[in-house]
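Dear colleague,

Please find below the structure that I am handing over to you. My notes on it follow directly after.

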Amino acid sequence: MTTEDHSPSPTMTNTTFTIDICTPLKKAVGIPKGEDCPSGTMLCAIKRLVNISENSTLIEHVIPIAGRYTLGAGTELDPEITRLKTSSSASDREKEGFRLALHGPKYPEKNGVKQKAVIEFLCNDKAEEKKVMKKTGTVAARKADEDGDGEEEDHSATGETADDGHGGTLKYLDYSM
């Protein structure tokens, strides 16, 4: 999720990214057609304009970034997978994990830009720092209090990493329209 503050205006822009690398995203029940990505989408961005003073939200853009589309856009996912340890880039070879590039349709459909997402899946090489708790037979990871101030750290800013909740690490690189 990314957020842009429009100070001194009482609005901000919130862009939420939803991904499922295994199957297309499930359609949300009760959501109007123009407020949800089309069937077949595996990575979707929804850009909202939030008016803080009026406590209201307006959906500005629904962007199907990548997926398996059979109608309409007719594009292929065409995944590209690169193991970072064996990459030609010296800085990539220092990392353990892989980079996944996914392709999608043009956005906007008419005169738009062909969409592409690049996601790095990084292994957590600091296993001793993982904090894990058991909860009714399942294991759930907690966000770490990395600086000892009693508050969990938020790693949602561009280029920062975040625990994926399952022992791995996700890194938000960038998305621009």
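A residue is called buried under 20% relative accessible area, exposed over 50%, and partly exposed in between, using a 1.4 Å probe and protein chains only. This is a predicted model, in which local features need pLDDT of at least 70 and side-chain atom pairs count only at pLDDT 80 or more, while totals for chains, interfaces and linings use all residues. Residues are numbered from 1 along each chain as its sequence is written, and side-chain values use heavy atoms, with hydrogens and water left out.

Both Cys37 and Cys44 are buried. These two cysteines form a disulfide (a pair of cysteine sulfur atoms within 2.5 Å), with their sulfur atoms 2.0 Å apart. The link of Cys37 and Cys44 is right-handed, with 80° about the S-S bond. The count of disulfides comes to one. Cys22, by contrast, counts as exposed because its relative accessibility is 56%, and Cys123 counts as partly exposed at 47%.

There is also one aromatic pair. Rings of Phe, Tyr and Trp (its six-membered ring) pair if their centres lie within 6.5 Å; planes under 30 degrees apart count as stacked, over 60 as edge-to-face and the rest as tilted. Phe98 and Phe121 are stacked because their ring centres are 4.8 Å apart and their planes lie at 15°. The pair links distant parts of the chain, 23 residues apart. Phe121 counts as buried at 18% relative accessibility, whereas Phe98, at 30%, counts as partly exposed.

Yours sincerely

Methods:
Helices (H or I, at least four residues) and strands (E, at least two) are DSSP runs, numbered from the N terminus.
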